[in-house]
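Welcome! Have a look at the sequence and the structure first, then work through the exercises below.

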Amino acid sequence: MTHFIADYGLWFLFGIVCLESAGLWLPGETALIAAAVFAAKGHLSIAGVIAVAAVAAIIGDNIGYWLGREVARPLINRWERLRRYADRVLPPAERFFERHGGKAVFLARFFGGLRVTGAWMAGITRMEWWRFLVWNAAGGIVWAVGVGLLAYYAGKAAADALARYGVYAAIAGGIAVVVAIAALHVWRRRVVEENA
């Protein structure tokens, strides 16, 4: 990943995040973290990394939304077997997106599997586009700023610790980052359980 970031920079970051958000299983968050760490080393601008990731997330999610709405929904109705399944599954999903769609779109940005499928589901359930856009933009911006700055400052702290205190400090910093990431995952899980 770092090789592509080094060679292609923000264009690579944009492509990976946009395609992941549009529905392909690609490492968008990993690309953002790698780009932010590169920025911490002075190779990229952290403001540029955050802006590119946020724009790519918003554009990619909108592509996924419209593919779900204009391509996937008609395909579901095309085959009898899928239509029967959709007749059972779509009404509850549509009610869910009617009541909780904004929160779901916002929070989907922070979970790998949902980041890939959330926009499609919003489109398939015909969530209002303007509402989707507002929550999607908010999620994309908060995600890019939060993950980007966390990786940037963690990378900067690790580089400073390594230069100042040696390998043992870098190991301690790495452990601190792992603990912070684990705490973030616990928080995410609690948010999902509360919203379920």
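**Exercise 1. Find out which helix gives the largest share of the lining of the second largest pocket, and describe that pocket.**

Step 1. The largest share, eight residues, comes from H4. Helices here are DSSP runs (H or I, at least four residues), while strands are runs of E with at least two, and both are numbered from the N terminus.

Step 2. Before going on, note that this is a predicted model, where local features need pLDDT of at least 70, side-chain atom pairs count only at pLDDT 80 or more, and totals for chains, interfaces and linings use all residues. Residues are numbered from 1 along each chain as its sequence is written, and side-chain values use heavy atoms, leaving out hydrogens and water.

Step 3. What is a pocket? On a 1 Å grid over the protein atoms alone, a pocket is an open set of points with protein on both sides within 12 Å along at least five of seven lines, whereas a cavity is a set where a 1.4 Å probe fits but cannot get out; lining residues have an atom within 4 Å of a point.

Step 4. The volume of the second largest pocket is about 340 Å³. A volume is the space filled by probe spheres set on the points, with grid points joined across faces, edges and corners. Among the 15 lining residues, Phe 96, Ala 104, Leu 107, Ala 108 and Leu 114 are the closest to the centre.

Step 5. Sorted by class, the lining has ten nonpolar, four polar and one charged residues. Ala, Val, Leu, Ile, Met, Phe, Trp, Tyr, Cys and Pro count as nonpolar, Asp, Glu, Lys and Arg as charged, and the others, Gly among them, as polar.

**Exercise 2. Describe the largest pocket and its lining.**

Step 1. This pocket has a volume of about 430 Å³ and is lined by 21 residues.

Step 2. Nearest its centre lie Ile 33, Val 147, Leu 150, Ala 151 and Ile 181.

Step 3. Helix H2 (28-40), H6 and helix H7 (167-195) each give two or more residues to this lining. H6 gives the most, with ten.

Step 4. The classes are 15 nonpolar, three polar and three charged.

**Exercise 3. Which residues line the largest cavity?**

Step 1. One cavity of 30 Å³ or more is present, and the largest cavity holds about 60 Å³ of space.

Step 2. Its lining consists of Asp 61, Val 105, Ala 108, Arg 109, Leu 114, Arg 115, Gly 118, Ala 119, Phe 132 and Asn 136.

Step 3. H5 supplies the largest share, four residues. Five of the lining residues are nonpolar, two polar and three charged.

**Exercise 4. Are Arg 109 and Asp 61 buried or exposed, and how far apart are their closest N and O atoms?**

Step 1. Arg 109 and Asp 61 form a salt bridge (a side-chain nitrogen of Lys or Arg within 4 Å of a carboxyl oxygen of Asp or Glu), with the closest N and O atoms 2.8 Å apart.

Step 2. Arg 109 sits in the loop between H4 and H5 and Asp 61 in helix H3 (residues 46-78), so the pair links parts of the chain 48 residues apart.Step 3. Arg 109 is buried, at 3% relative accessible area, and Asp 61 is buried too, at 8%. Buried means under 20%, exposed over 50% and partly exposed in between (1.4 Å probe, protein chains only).
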